[in-house]
Amino acid sequence: MLRQVAERSRRAFLRKGILSFSCKPAAPMSTLLISQPQYSWLKELGLKEDNAGVYNGTWGGRGEVVTTYCPANNEPIARVCQASLEDYEETVKKAKEAWKVWAEVPAPKRGEIVRQIGDALRQKIKVLGNLVSLEMGKILVEGVGEVQEYVDICDYAVGLSRMIGGPILPSERPGHALIEQWNPVGLVGIITAFNFPVAVYGWNSAVAMVCGNVCLWKGAPTTSLVSVAVTKIIAQVLEANKLPGAICSLTCGGTDIGKAMARDVRVDLLSFTGSTNVGKQVALMVQERFGRTLLELGGNNAIIAFEDADLNLLIPSALFAAVGTAGQRCTTARRLILHESIHDEVVEKLTKAYAQVRIGDPWDANTLFGPLHTKQAMKMFLDAVELAKQQGGSVVFGGKIIERPGNYVEPTIVTGLSYNASTVQTETFAPILYVLKFKTEEEAFAWNNEVKQGLSSSIFTKDLGRIFRWLGPKGSDCGIVNVNIPTSGAEIGGAFGGEKHTGGGRESGSDSWKQYMRRSTCTINYSKDLPLAQGIKFQ
């Protein structure tokens, strides 16, 4: 099946790609997937066996060479030469020089460049979505959907480029004007995670660019090919418009590059997406230099279903939220909090739904559940299942490794645990759903809020009063608060992010553009007098 799907992709997307840089000569008899005929569609993205992982107007890289692997079969795809610290230093200097050019471009003109980037992504949406599936492991429809999200945020940013502005405020002094002026921060560093290797960069870069910033991207090392492919698409647009390529720079790398970005006073805003533990370290390093951060960290998200919940909505919602992307979304539902009157019925129906989930190769159009991203993730899954059993939980579905090539596990449902069990309170980035039983509304709302994270939450009910209590000050303390829909699947028009250990950052829609800019309150005296505020006389 894998070869059949890959061959269909090859026939659909095959076209010669070019990459001028090679870190080292390829082995004479390569075992890399990219060298096999059924994966030659990768060359349409400009990829080859050895790829440069640094872009600052030119391609290069003098750091460690990493090989990325396909989670569906654990076979090597291709190699990427990462950035050295010397590459990083050179790239930051070029990015700061590029900003001097970019900041002078009028915002609507910047929007036009972002529009062209969106169009270029549209032309590559299927083949780039295939690469996301190949390297990250999410199913094809989600891989393509992730690229679509970048396209959509480009469209959003184009409109935003003609709307950015501050208010004109009434001055208490005659002959004075009081205004807010918003200017770009300068260089935005963007560190993204493996699970959304395209969309999260798109959220940040499209909005940051129309605000007048330049971007420096470090993606996850395990999805380096996606980072390179996306940057190649953007670079072609910049070069076609005779703009410095360093406007959208890339430094593939590991912890050394991440730490350099966090500690670098030249990085005016650092956007970090990843685990809470690493995010805390990043925040401390940036705060030490009084820098600015935008943090999108973990989520231990809950769906609460009351006795009046519409089960025709609840069951598919819980299934998608818990199983989608093999449980590797920050918005994945990890806790299902059920009223005691519907607990048994929902567990029975949900178990039957889990049994129908089609597990397999992520490129197969029929697959709903692909592999975990790494072997380490499989171990975390098994450890969490074992801990749940030790703490009194019952595995009513799944809980095992699937014996087949790749990093496959069974989607899992665990019942019988206390709401405050340590494993329930811990975010495990895997498809494990803990089902809890509650009695009262106050109890359910409190359980939702008692975890350290505050990203996404949802209730299922028809009670209008309860809905508004849920949305109010004593309801959910999360950044995303839903009613009768899943915890995952946020739209780009609303600001995305969460509270507490989720980091407090906001990306994408609403007024999140303000995080990529600095605000100045400006007073202009156009009179010949010098009145002071608050009526002060100083003569």
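Colleague: Which residues of helix α8 (residues 255-263) are buried?

Modeller: I257, G258, A260, M261 and A262. Buried is under 20% relative accessible area, exposed is over 50%, and partly exposed is in between, with a 1.4 Å probe and protein chains only. Helices (H or I, at least four residues) and strands (E, at least two) are DSSP runs, numbered from the N terminus. Keep in mind that this is a predicted model: local features need pLDDT of at least 70, side-chain atom pairs count only at pLDDT 80 or more, and totals for chains, interfaces and linings use all residues. Residues are numbered from 1 along each chain as its sequence is written, and side-chain values use heavy atoms, with hydrogens and water left out.

Colleague: What do the buried residues of α8 pack against?

Modeller: Helices α2 (85-102) and α9 (276-288), plus β8 (187-191), β9, β10 (248-251) and β11 (269-273). Contact here means heavy atoms within 4.5 Å.

Colleague: Where is confidence lowest, and where is it highest?

Modeller: Helix α1 (residues 2-13) is lowest, with a mean of 36, and strand β9 (residues 214-218) is highest, at 99. That's pLDDT, the predictor's confidence in each residue, from 0 to 100. For the protein the mean is 94, and 94% of its residues reach 70 or more.

Colleague: Over which residues does pLDDT stay under 50?

Modeller: Residues 1-29. The model has 67 contacts beyond four places in sequence for that stretch.

Colleague: Switching to helix packing. How do α3 and α6 cross?

Modeller: The axes of α3 (residues 107-123) and α6 (residues 199-210) come within 8 Å and cross at roughly 150 degrees. That makes α3 roughly antiparallel to α6. For the cut-offs, under 35 degrees is roughly parallel, over 145 roughly antiparallel, 65 to 115 roughly perpendicular, and the rest oblique. Axes are lines fitted to C-alpha atoms, for helices over the stretch in contact, and the angles run from 0 to 180 degrees between N-to-C directions.

Colleague: Which residues make the contact?

Modeller: From α3, A107, R110, G111, V114 and I117; from α6, A206, M209 and V210. By class, that contact has six nonpolar, one polar and one charged residues. Ala, Val, Leu, Ile, Met, Phe, Trp, Tyr, Cys and Pro count as nonpolar, Asp, Glu, Lys and Arg as charged, and the others, Gly among them, as polar.

Colleague: How many aromatic pairs does the structure hold?

Modeller: There are 11. One of them is Y201 with W217, which is stacked at 3.8 Å centre to centre, with 10 degrees between the planes. Rings of Phe, Tyr and Trp (its six-membered ring) pair if their centres lie within 6.5 Å; planes under 30 degrees apart are stacked, over 60 edge-to-face, and the rest tilted.

Colleague: Where do Y201 and W217 lie?

Modeller: Y201 is in helix α6 and W217 in strand β9, so the pair ties together parts that are 16 residues apart in sequence. Y201 is buried at 1% relative accessibility, and W217 is buried at 0%. Another pair is F306 with F438, which is edge-to-face at 5.2 Å centre to centre and 80 degrees between the planes. F306 is in the loop between β13 (301-305) and α10 (311-323), while F438 is in strand β17 (residues 432-438), 132 residues apart.

Colleague: Are F306 and F438 buried or exposed?

Modeller: Both are buried. F306 and F438 also form one aromatic cluster with F445 and W470.

Colleague: New topic: what's phi for N74?

Modeller: Near 60 degrees, a positive value in a residue other than glycine. Most residues other than glycine have a negative phi. N74 is in the loop between β4 (65-70) and β5 (75-81), and is partly exposed with a relative accessible area of 23%.

Colleague: Last one: what does I168 touch?

Modeller: L178 and I179, not counting residues up to four places away in sequence. I168 is in strand β6 (residues 168-169) and counts as exposed at 70% relative accessibility. I168 and T521 are 353 residues apart in sequence and 9.9 Å apart in space, C-alpha to C-alpha.
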